[in-house]
Each structure stands twice: as structure tokens, then as C-alpha cells.
Amino acid sequence: MKRRNLLRGALAAGLTAPALAALTAARTDVDQTLSSDMPQDLADLEAAAESYGYGYHGQAPTRVLADLVSDFTTLRPLLTVAQPAPVRARLCRTAGQMAGMTAIVLHDLGSRRESRAWFATAARAAAESGDDQLHAWVLAREAMVPLNYGAPRAAAGLAERARHVAGTRPTAAATLAAAVAARAYALSHQPEQARQALTYADALMERLPEGERSDTWLTYGEQKHHVHLSHAYTTLGDTRLAHISQERALELSAPTSTMTRTLLNIDAAACSHHDGDTEQACRRTADALTTLPSDYRTGLVRRRALDLYEAIPAQHHHERAVRDLRDALAA
């Protein structure tokens, strides 16, 4: 009777803040007894993980990183108490996704050691969740750390592990793993293996279900496929096919996809260098670097531009365009 009178008094003025607080308290009291097996925050955290999967959306990587890690820490109290097996699996899956995406941002910022540590956490969470495709996705994304920072053979090993875990079904993780393996083999001067992996990635892509083709970090859309093909074909020196993938990837990339568009432009510049126009390659790369916001002018983008600079024979380093690229890298 006392609660009834309190509720009537609170609601007499309508749905005011005190009234809504009283309603929430009443619901929570009963809800907690009904759903003790399902943490109240789980659905919100799963939705947050899905939202983060859409990438930077023009935000600075450091801002996305701060938000991701903040939400990730919310999982800790839920993981430290006993949960029914299905709930534990969902929590671990969300933890694996968030840790993997945190590792991606750290990789993009050039923090290799921290990125590998977060990928290790993501792999443990994915393995415990029982989601083989998530586990394969984590391994394939982790392979991109050594791939982009000078250890392509290690990258190939991780990518092959990812392919094994993913299996032969046409899934986003399996397609990603094959594409990353192709890039790793190309960088390792194993062109035959690279082309075999590219053929396999294309075959998987053709059969990939529509639900796994969206443009997120956790899925594998056509834009992402052509970004990988661009780098693989550029590395192989097949500039005709590289240009086709570069143009298609740029068509599919949003204007806010700053990092992706810059990497594609650097790939195109590397193709110019391969085709004999080193001056144009240097100018295009220097322009790409200098027009970038400072938050993006580090890590992966700088590494890719440095790869181009280091591929230019020393006897050309005195030329104006090459010096301009060196200055842009030093800025």
C-alpha cells in the first residue's frame, strides 16, 4: 500500500523525472529476480561492439580508441562472476570483438607491441566463446601487424592459421584470411602462393553470403576486398590489376574513410614507381601525407609511404621529388 501511494503521488504530475525514477525502481526490483542469468548490460555492450565495427567515421583514431577501451572495461565485472554457459559465451564473444577492434586501432596508430597484446586477449576471448569465425577473424587481423611492419613470413604463418580455423565455408573470416595470406606471400617474394591465395579469396568472395558483405571491421565487403587486392597486386608488380582494384575501392570508400583512401593513393603511387615514373610516385605520396590530419600521419600510413621511399634507389635520393617525400616523412 505504501509503494502504491508513492507511485500515485509521483505520477500525479505526469511522467516527470521523479516519476520515471520510481517506475524504473519498481521494474528493476522484479527484473533482477527474473533475469539473474542475463546481465542487463550485455545487450548494450553487444550493440556497442556492432557500432564500433563501422570504423572511424571521420573521428580521430585516438578518440575511437578511448571510447572502445572504456566500454571494454565494462565487461570485466560481468566476466568475473559465474554465468550460465550461453551468457558466458556471448560475453566472451563481445570481449573478443572489442579487444580485436582495439588492436586494429593500435595497429593503425603504429603501436605494434600494444596491438599484438590486444590481439592475444581477443584470441583468448574468441576461443573461449566457441566462435571459430571470430577466432579466425582475430588471427587474420593480427596477421596484418607483421604484414604491415616488415615481417611478411610471420604474417603468412598467422594468416594460414586463420584459414585453418575458418575452414572452407565462404565466410568473412575465411575470405579475409585468404586475402591477407596473398599479401603476405607477395611481400615474401612468393608470387605463385600469392596468386593461389588471391584466386581462392576471389572464389570465396563470389560465394560470400549477403549478410557478411557489409562494410565493417567485423565483416568483409567488396570495398575491403579491393583494398587487399590493391596492395597484393601492387606488391606483385601487376599494376593493371592493381589500378582496377584501386579505382573500385575508391568508388566504394566513403569520403570520411581518410586512412583507407590515403593507403589506396600510396598504392597507386607505388604502381607509378614500378612503371618507371618515380617523380610522380613521390609527388603523389608527399601530397597524400601533407594533406592528412596529423592524427592520421603516423603508424600504418607513414609505414606504407616509407616503404615506397625505401624502394627508390639511392642514386635518385638527390632529386627534388624524392627529397620532398623524405621531408614529408620527417615532418
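His 189 lies in the loop between H10 and H11. Its phi is near 60 degrees, a positive value in a residue other than glycine. His 189 is exposed, with a relative accessible area of 71% (buried means under 20%, exposed over 50%, partly exposed in between, with a 1.4 Å probe and protein chains only). His 57 also has a positive phi, of about 50 degrees, although it is not a glycine. This residue sits in the loop between H3 and H4. His 57 is exposed, at a relative accessible area of 55%.

The model is predicted: local features need pLDDT of at least 70, side-chain atom pairs count only at pLDDT 80 or more, and totals for chains, interfaces and linings use all residues. Residues are numbered from 1 along each chain as its sequence is written, and side-chain values use heavy atoms, with hydrogens and water left out.

The protein chain has 17 helices and zero strands. Helices (H or I, at least four residues) and strands (E, at least two) are DSSP runs, numbered from the N terminus. Along the principal axes, the C-alpha atoms fill a box of roughly 90 × 40 × 35 Å. Of the 331 residues in the protein chain, 47% are buried. Among contacts with a separation of 6 or more, 63% are between residues 24 or more positions apart; contact means heavy atoms within 4.5 Å.

Helix packing was examined next. Two packed helices are described by the angle between their axes and the distance between the axes. Axes are lines fitted to C-alpha atoms, for helices over the stretch in contact, and angles run from 0 to 180 degrees between N-to-C directions. Helix H8 (residues 132-148) packs with helix H10 (residues 172-187) at an angle of about 20 degrees, and their axes are 9 Å apart. That makes H8 roughly parallel to H10 (under 35 degrees counts as roughly parallel, over 145 as roughly antiparallel, 65 to 115 as roughly perpendicular and the rest as oblique). H8 passes H10 in a left-handed crossing. A crossing is left-handed if the near helix is turned anticlockwise from the far one by less than a right angle, and right-handed if clockwise. From H8, the contact includes Trp 137, Arg 141, Met 144 and Leu 147. From H10, it includes Leu 176, Val 180, Arg 183 and Leu 187. By class, the contact of H8 with H10 has 13 nonpolar, two polar and two charged residues. Ala, Val, Leu, Ile, Met, Phe, Trp, Tyr, Cys and Pro count as nonpolar, Asp, Glu, Lys and Arg as charged, and the others, Gly among them, as polar.

H10 also packs with helix H9 (residues 152-166), at an angle of about 155 degrees and with axes 8 Å apart. That makes H9 roughly antiparallel to H10. The crossing of H9 and H10 is left-handed. Among the H9 residues in contact are Pro 152, Ala 159, Glu 160 and Arg 163. H10 contributes residues including Ala 177, Val 180, Tyr 185 and Leu 187. The contact of H9 with H10 divides into 15 nonpolar, no polar and two charged residues.

H12 and helix H13 (residues 239-252) pack at about 150 degrees, with their axes 8 Å apart. H12 and H13 are therefore roughly antiparallel to each other. H12 passes H13 in a left-handed crossing. Residues of H12 including Glu 222, His 226, Leu 229 and Tyr 233 meet residues of H13 including Leu 241, Ser 245, Arg 248 and Leu 252. The contact of H12 with H13 holds seven nonpolar, six polar and two charged residues.

The count of aromatic pairs comes to two. Rings of Phe, Tyr and Trp (its six-membered ring) pair if their centres lie within 6.5 Å; planes under 30 degrees apart count as stacked, over 60 as edge-to-face and the rest as tilted. Tyr 56 and Trp 217 form an edge-to-face pair, 5.2 Å centre to centre, with 85 degrees between the planes. Tyr 56 lies in the loop between helix H3 (42-52) and helix H4 (61-73), and Trp 217 in the loop between helix H11 (191-207) and helix H12 (222-236), so the pair ties together parts that are 161 residues apart in sequence. Tyr 56 is buried, with a relative accessible area of 10%. Trp 217 counts as buried at 11% relative accessibility.

Phe 72 and Trp 118 also pair edge-to-face, at 5.1 Å centre to centre and 65 degrees between the planes. Phe 72 in helix H4 and Trp 118 in helix H7 (residues 112-129) are 46 residues apart, and the pair links distant parts of the chain. Phe 72 counts as buried at 18% relative accessibility, and Trp 118 counts as buried at 17%.
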